[in-house]
Amino acid sequence: MNRLYLFFVLLSVSVFTFAKGEDQLKPRLVVMTDIGDCDVEPDDMQSAIRLMAYADMFEIEAIMTTVGWNCDPYPEEWAQYLDKVVEAYGKDVHNLMARSKQKDFLSLDKENGKQTIGYWPSMEYVKSRCMAGSHKAGIGVIGKDNDSEGSEFLIKLADEDDERPIWVATWGSGNTLAQAIWKVKQTRTPEQLKTFLNKFRVYTITDQDMVYAMRMNRAYSSHQWMRREFKNDLKFIWDEGTWQLQCELGKQAWNRHQEMIQGHGELGKIYPNYKWGVEGDTPSFLYIMSNGLNDPEDPTQAGWAGCHKFGLCVDSLTYAWTSWQEPQKSITEGYKRRFYEAELNDFCARMQWANDGKGNTNPRVLIKNKFSLAPIHIKAKAGDSIPLSAVVSDEEKDSCSINWWVQPEASTYQGEVNVRNLSMGTAAISVDVPKDAKGKTIHVVCEVKDNGEIPLTSYARVILEVE
C-alpha cells in the first residue's frame, strides 16, 4: 500500500504530564540578540516571537542584547523591542498553556530550577532573564573594563550544579561569552577554565561581532579568537548557509506568514514584515529543539537546522562545525528544504494556540514501545535483519501517515542499507544490516505526519549499533 492509516492508541495522560513523568528536561538556552528597530533589524524580532511560541521546549536561561551587523555600539533604546515580545508572550501564555494542559505556573523560585519539556514559564520568569550583554563589538574590547550583566551571568550559569550543556545562540555578536571566557581565564586555573568551556556549546548565525561593512575582517571578531584559542574545549557551530536559506524560504512562504502568523495572538500582532529575509536567526534554536529528529551533540544528524561537518571555516584559518563548503552545503540545504513545510506548519499551529487556546498537537511516536525525544540506540549484529515498528497516538484522533528513511551522512556505515516494506504509511519495517557493517552505525528515522487542519509532523531516530 502507498498509504496506511495507523491504529491509534489514545494516551490517558497529557503532553505536559507525560513529559514530566518521563523527566524530560528542557535544553538550556542563552540567546544573544541585536533585536532592534524593525525598520532596521526585523528578523531578530521575528525569531524572538517564534522562540516565545516554543517557550515550553527550552529552558530560557537568558536573552541578552548585544551588537550586530547593524549596530556598534548597541543602542540602549532598542531593548524595548525585546520587552514588547515578552509582554506579548505574557498575554498569550495562558492560551499556549492549554496546549499542554498546564493550569498554573510554578513559583518563580522553582522556575529558576530545572524545567521539563511541556512547561510554559511565566512572563515574570522570562523578564527576569532578559539583560544586557556586551554592547561593543570585536576582540579589541574584551578585557577588564568590558564585564556586563550578561557575561557575569554566564559564569553564574556555568557554576550551577547542572549536567546539561548551555547552548549559546548568537543572533548577533557572541562577545559576551568571549568576555566571560576571558575573565575565567584570568581568575581560575587552566583546569577550571577547561571545565567552564566544556559547559558551553555555541551556535552562531554567521559572524556578527562587527558591523556589516567589516564582515570580511574575521580577525576583528572575538568569534575567531574563541575558535582559535579554545578549539579543543569549546564546541562551535558556525552557520554560514542554513540561515540564508531560512531567510529565502520564509520569503517564498511569506503569504502563509501573513495568513497564519501575523495577527494571531498578541505575538502575531507584533510579528513584523521582513526586510532582508525571514527569521534568519531561527536555525540557532531549531537546531537544539527536542522533536525526536536529531541530537544536537552530533551535528551530523539532520534536523530542522540542517546538518554540519567539522572543517575549515570561511576565514580559512580556524575550524568548527559548519556547512558552507560543498558537498555539505548542498546536503544541509537539501534537508532544510525537506523539513521546511513541517517546520512552518508547526509554528503556524502554535500561533493558532496563541490566538484561540486550541488547535492541533503533534502525534506521538513510540518505537519498541518506547517514547523518546532522544535517539533510540539498538544493538545489532552484522548480517541480521532488525525489525522496527512504530505505534502512533494522536490526541485529536487525526489519521497519520508514516515514512521511514535512512540518513547516510550521520551513519558511519556508508554502504547501501536495504529496508524492507519501505513505503509511505508502513508502520513496521525490517532493516537488513550489511555483513560488512561491523563496528559501524546506521541511522534510521521514523517520520509521522497527521492530517489535521494544520498538519503536524513528529520524528523518532533509531541508531543501530552494529556489534
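**Close-up 1. Helix 7 (residues 175-187) and helix 8 (residues 190-198) have axes that come within 9 Å and cross at roughly 160°.** Helix 7 is therefore roughly antiparallel to helix 8, a term for angles over 145 degrees. Axes are lines fitted to C-alpha atoms over the stretch in contact, with angles from 0 to 180 degrees between N-to-C directions. Helices are DSSP runs (H or I, at least four residues) numbered from the N terminus. The model is predicted: local features need pLDDT of at least 70 and side-chain atom pairs pLDDT 80 or more, while totals for chains, interfaces and linings use all residues. Residues are numbered from 1 along each chain, and side-chain values use heavy atoms, without hydrogens and water.

**Close-up 2. A180, I181, V184 and K185 of helix 7 meet L193, F196 and L197 of helix 8.** Contact means heavy atoms within 4.5 Å. The residues of this contact divide into six nonpolar, no polar and one charged; Lys counts as charged, and Ala, Val, Leu, Ile and Phe count as nonpolar.

**Close-up 3. The largest cavity has a volume of about 60 Å³.** A cavity is a set of points on a 1 Å grid where a 1.4 Å probe fits but cannot get out, and lining residues have an atom within 4 Å of a point. The volume is the space filled by probe spheres set on the points. The count is one cavity of 30 Å³ or more. Among the lining residues are V31, T33, A48, L82 and W171.

**Close-up 4. The lining of the largest cavity divides into 10 nonpolar residues, one polar and no charged.** Strand 1 (28-33), helix 2 (42-53) and helix 3 (79-97) each supply at least two of its residues. A strand is a DSSP run of E, at least two residues.

Technical notes:
Angles under 35 degrees count as roughly parallel, over 145 as roughly antiparallel, 65 to 115 as roughly perpendicular and the rest as oblique. On a 1 Å grid over the protein atoms alone, a cavity is a set of points where a 1.4 Å probe fits but cannot get out, and a pocket is an open set with protein on both sides within 12 Å along at least five of seven lines; lining residues have an atom within 4 Å of a point.
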